[in-house]
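Dear colleague,

Please find below the structure that I am handing over to you.

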Amino acid sequence: QVQLVESGGGSVQAGGSLRLSCVVSGATYSNYLMAWFRQAPGNERAGVAASYNDFALPYYADSVEGRFTISQDNAKKTLYLQMNSLKSEDTAMYYCATDSGVSGGRAWFDLARYNSWGQGTQVTVSS
């Protein structure tokens, strides 16, 4: 069974940076799509970024393109999200997720594609 554990959240001023980490265990970690989602109070959970562990081009939501960078360290089985130029609207609980190699024909930002989720890490950006 795949387990995902996020860390790295916190409080930061607008314009600042944070790096989130997600450690994967209990998986072979091959051909998996790994993704970051976020959910603010009163909003639906939405995709932020996603990438495969074979260094294919990643996916980004329009709202974070150019500011956030998703990356993976296959040896450490760790997914990262480098967040720069943070804005107050980036405030949310951030979750990592994996599809365990099965897309089901769904897009990267489709929550139903993912079968394993972490517990989340809170990011708060003050203006």
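Asp 99 and Arg 113 are joined through their side chains by a salt bridge, with 3.0 Å from N to O; the term denotes a side-chain nitrogen of Lys or Arg within 4 Å of a carboxyl oxygen of Asp or Glu. Both residues lie in the loop between β9 and β10 (116–117), 14 residues apart; strands here are DSSP runs (E, at least two residues), numbered from the N terminus. Asp 99 and Arg 113 are both buried, that is, under 20% relative accessible area (1.4 Å probe, protein chains only).

The model is a predicted one, in which local features need pLDDT of at least 70, side-chain atom pairs count only at pLDDT 80 or more, and totals for chains, interfaces and linings use all residues. Residues are numbered from 1 along each chain as its sequence is written, and side-chain values use heavy atoms, with hydrogens and water left out.

By the rule above, the count is 4 salt bridges. In one of them, Arg 38 pairs with Asp 90, the closest N and O atoms being 2.9 Å apart. Arg 38 belongs to strand β4 (residues 33–39), whereas Asp 90 sits in the loop between β8 (78–83) and β9 (92–98), 52 residues away.

Asp 90 also forms a salt bridge with Arg 67, at 2.8 Å from N to O. Arg 67 is in the loop between β6 (59–60) and β7 (68–73), so this pair ties together parts 23 residues apart in sequence. The relative accessible area is 11% for Arg 67 and 0% for Asp 90. Through shared partners, Arg 38, Arg 67 and Asp 90 form one network.

Yours sincerely

How values were computed. Helices (H or I, at least four residues) and strands (E, at least two) are DSSP runs, numbered from the N terminus. Buried means under 20% relative accessible area, exposed over 50%, partly exposed in between (1.4 Å probe, protein chains only).
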